[in-house]
Amino acid sequence: MRRLSLSLKIFLGTAAVVTGVLGATLAVTSFSARRSADRAIDRGLRETNARIAYQLQARQAGLTGQLAIWAENRDVVGVILHDAVGAGALDQAQQLSNRIGARWVQFTDSVGVRLAKSDEPAAQRIDLSGSRLVGAALEGKPDAGFGVAGDTAVIQVMTVPLLQAVDRGASARGVIMAASDIGDSLAREMGEATGSEIAFYAVDSKGVPHVSGATIPSEARSVLLREIAARLMREPGAVAPAKSTPAATRAAAPLMGAATARTTLDIAGTSYIGQGTPLLDVGGQPVGGFIALRSLDAELAGYHALRRSLLITGALGLLLAFGLSLLIARQIVRPVTALVAATERAAEGDYAAEIPAAGGDEIGTLANAFRRLLADLRDKQALVDFLGGGQQMTTPISMGGDPNITMPLPGATMAAGGLLRPGQLLAQRFDIKAVIGAGGMGMVYRAVDRELGEVLAIKTLKPEIIQSDPSALERFKSEIRLARKISHRNVVRTHDLGEASGLYFITMEFVEGTSLKELVRQRGRLPVNVLLPIAKQLCRALEMAHDAGVIHRDIKPQNMVVEGDGTLKVMDFGIARLATRAPSQGLTQVGMVVGTPEYMAPEQLLGDELDVRADVYSAGVVLYECLTGHLPFSAPTAFALISRVLEETPVLPHVEFPDIPAAVGEVVMHAMAREPSERPATALALHDLLERLD
C-alpha cells in the first residue's frame, strides 16, 4: 500500500482538529449571529411600522386641519355655495389643492352633488352622497380613509363638512374632499428615518398589486411585486375586510389592518425580512398597503460582535493543531539529519556520502534530489580530473560551417577587405585585441568593451552571406532576438547584433576552455563517467533554448567548450538560422553554410520542417562520437553521406566497444533514431534517460 506523503499526514491531522474546532465555533457563531440579527430585525420592523403609522396620522391630521380652516372661511363658503356657474368653486378647489399639496380637491353641495374638482375642470356634477366619506361629512363628521387612483397609486382621502357661519347653527352645507398621494417621496422620507427599505402598493380592481412608491430601485420593483402577490396578499389580514370603524375614529387615525407575519424575500440578490401592513378604505376593505424590509445580510454584520469567541475558539484549534503537527514532524528529523551530514561532507569535497532510502513523500523526494546532486558532482569531478590529466589548451569559438577551419591565430594581423586588425576600434566602442578564429560565416575576435570594461567575443558576418539572400538579415535578427532570451550557465550568452560601416557583427560571452571536438581528438574515446556530465549539461542547454523557441540546428562538438571547472558551454544559438538554405538553393551553394551534415538529422538533410527533435538527433551523434572516437557515418561527398544517413544503421557503440554499458549505447541510439517520432520527444526526456544511467 502506498504510503501517505508527509504533507498529507500533517494536513489530515491538522484538518481533523481544526475542522472540529471551527465547526463548533461556526455553529455557536451562526446561532448567536442569527439570534442577534432576528432581534435587531424585529425591533427595526416594529419601529418602522410605528413610524409610518405616525407619519400617516400626522399627514391626515394636518390636511384635515387645513381643510377645516378653509371650510370655516365665510367668504370661501359663500363663493362655493352661491356659484351658479361653478367657476368660483373650481377656482377655490384649485387654490386649496395647490396650498395643501393635494392630488386633488373637490366640493359638494348640501346633498352631496359635486360642484367642482381641481384636477378636472370639466368634471360633471354627480351625486357623491353614496360615498361613506361624503355621507359622514354631510352629517357634520370629518372622515378619512385610503383609496386607489388610476388603479396604480394609493391615496389618502379626507373629508370635512363645509359649514355655514358658526352663529347660524353650524349645520353642514356641503363637503370639502381632498386626496393626497402616497408615493416615492414619502417612502424615501420614511426609509431615511428608519433605515428600512419601504414600499407602498395599491391593489387594482383585479386584485393585482402595483408599486405606488418605494425606496427599492425601479429595476427591482417587478420582483418586489411578485413577492407581494405571492406572499403578503395571501395572508388573511391582507385581503379580508376589517370590522366597521366609526367615522370619529377614522378621522383621528389612519385605517390600517393588522401586520402580516414576517417573511423572507430575495430582491436583487439581497435577502430581506419583510412585514406588510394593509391600508383600508372607510369600509375596512384593503385597497393597498405598505411593506417594511430589513436587510438580513446587513443585520448579520452583527456577527462581528462575536468575533472574540471565534478568535478564542480558533486559537485553541490552532494550538491543538500545532501540537499534533509537532508530533508528526518528528518523523522528518531522522532523514533530514542524514541529509545534513551528507551536505557537510559535500561542502568539504567528499561526494561519496550515502543517502539513506526514504519513502515516497516530500522528504523522499528531497533525498532523491540530493542523491542526484551528489551523482552530478561526482561526475563533474571526474570530468575535471579527466581534463587535468592531459594537456590543456584554449580553443577559440567557431562560427559553424567547415569544422576544420577553426584555428588559433594569436596576434595575427588580417588583410584589408572588411576584416579587422588587432588594435582597431569597432563601432567606436569595441577594442579588437586578437583574431581567435575563422569559420564559414566570418571571423571571430577577442575584444574589450570600452564602456563596460569587459572582455567579450565578436563574430563578424561575411557580407556575401547577407547579400546572397535579402531576407537573411531579417531572419537572422529574429533568431538573435530569440537567442538573447536564453540565459543559462551552459549556454554562451548572445549579447547584441551590431553594424559598423556595413559590417554586421555579434557580441557574445567570451569563453576559454577546450572544445569538445578538440578534447576527443586529443584524448580519444571519453569514459562513460566523463561523458555523462557533458551529455546532461548539453541536454539542459538545449532544453532552455527550446523553451525559448530556439532550435540550434548546428549541434556539433565544435560548438561546445568545456571549461576548466567542468562546465559545458554550447555556442552559436541562432547562428544556424542564417545558414538555412532557401528551397530553390542547393546543398552546397557557394556562400551558403547549412551546418555540418555529419551531425544533421535526416529531416534536416532533406530540407523538411524541423522541430526540437532535430537537435536531439544531433546531440545523439555528438554522444556517439565521444563514446567511440569517430562519427557514426562518414563519406567522401555530402550526397554519399546523406545516402548513408537515410539508409544505414551505425554500429552500436557497446557492440564495437564492449566496455561501454549496453544501456548507455541504447540511449545514444534512441536519440539517433531515423524517424523523429522514435526519438526522445524533448531534450528534457533525453536528460531523464541519461539520469537513470547513474
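**Terms and their grounds**

Guide: This is a predicted model. The accessible surface of the protein comes to about 32,500 Å², of which 54% belongs to carbon and sulfur atoms. The protein has 22 helices and 19 strands, and buried residues make up 48% of its 694 residues.

Visitor: Why is Cys539 called buried?

Guide: The term requires a relative accessible area under 20%. Cys539 has 2% relative accessibility, and therefore counts as buried. Cys626, at 1%, is also buried because its value lies under 20%.

Visitor: How many disulfides are there by the distance rule?

Guide: A pair of cysteine sulfur atoms would have to lie within 2.5 Å. By this rule the count is zero.

Visitor: Why is Asp151 called partly exposed?

Guide: The category runs between the buried limit of 20% and the exposed limit of 50%. Asp151 has a relative accessible area of 35%, so it is partly exposed. Asp151 is placed in the loop between strand E3 (143–149) and strand E4 (153–163).

Visitor: What is Asp151 in contact with, leaving aside neighbours within four places in sequence?

Guide: Asp151 is in contact with Asp204, Ser205 and His210, where contact requires heavy atoms within 4.5 Å.

Visitor: Which residues touch the most other members of the largest nonpolar core?

Guide: In this core of 57 residues, they are Leu516, Leu526, Leu538, Met560, Val570, Phe573 and Leu686. The core draws at least three residues from each of domain 2 (420–510) and domain 3 (513–578 + 594–693). Beyond four places in sequence, Leu516 touches Leu526, Ile534, Pro557, Met560, Val622 and Cys626. A second, separate core has 23 residues, including Val76, Ile80, Ala102 and Val105.

Visitor: Where is confidence lowest and where is it highest among the elements?

Guide: Helix H7 (residues 236–239) is lowest, with a mean of 52, and helix H18 (residues 612–628) is highest, at 97. Over residues 391–417 the pLDDT is below 50, though this stretch has 73 contacts in the model beyond near neighbours in sequence. Residues 578–594 also stay under 50, with 34 contacts beyond four places in sequence.

How values were computed: Residues numbered from 1 in each chain as written. Predicted model: local features only at pLDDT ≥ 70, side-chain atom pairs only at ≥ 80, totals over all residues. Heavy atoms only, no water. Helix = DSSP H or I, 4+ residues; strand = E, 2+ residues; numbered from the N terminus. Buried < 20%, exposed > 50% of the residue type's maximum accessible area, 1.4 Å probe, protein only. Areas by Shrake-Rupley, 256 points an atom, 1.4 Å probe, with all protein chains shown as cover. Core = buried A, V, L, I, M, F, W, Y, C linked by side-chain atoms within 4.5 Å. Domains from an automatic or database assignment. pLDDT = per-residue confidence, 0-100.
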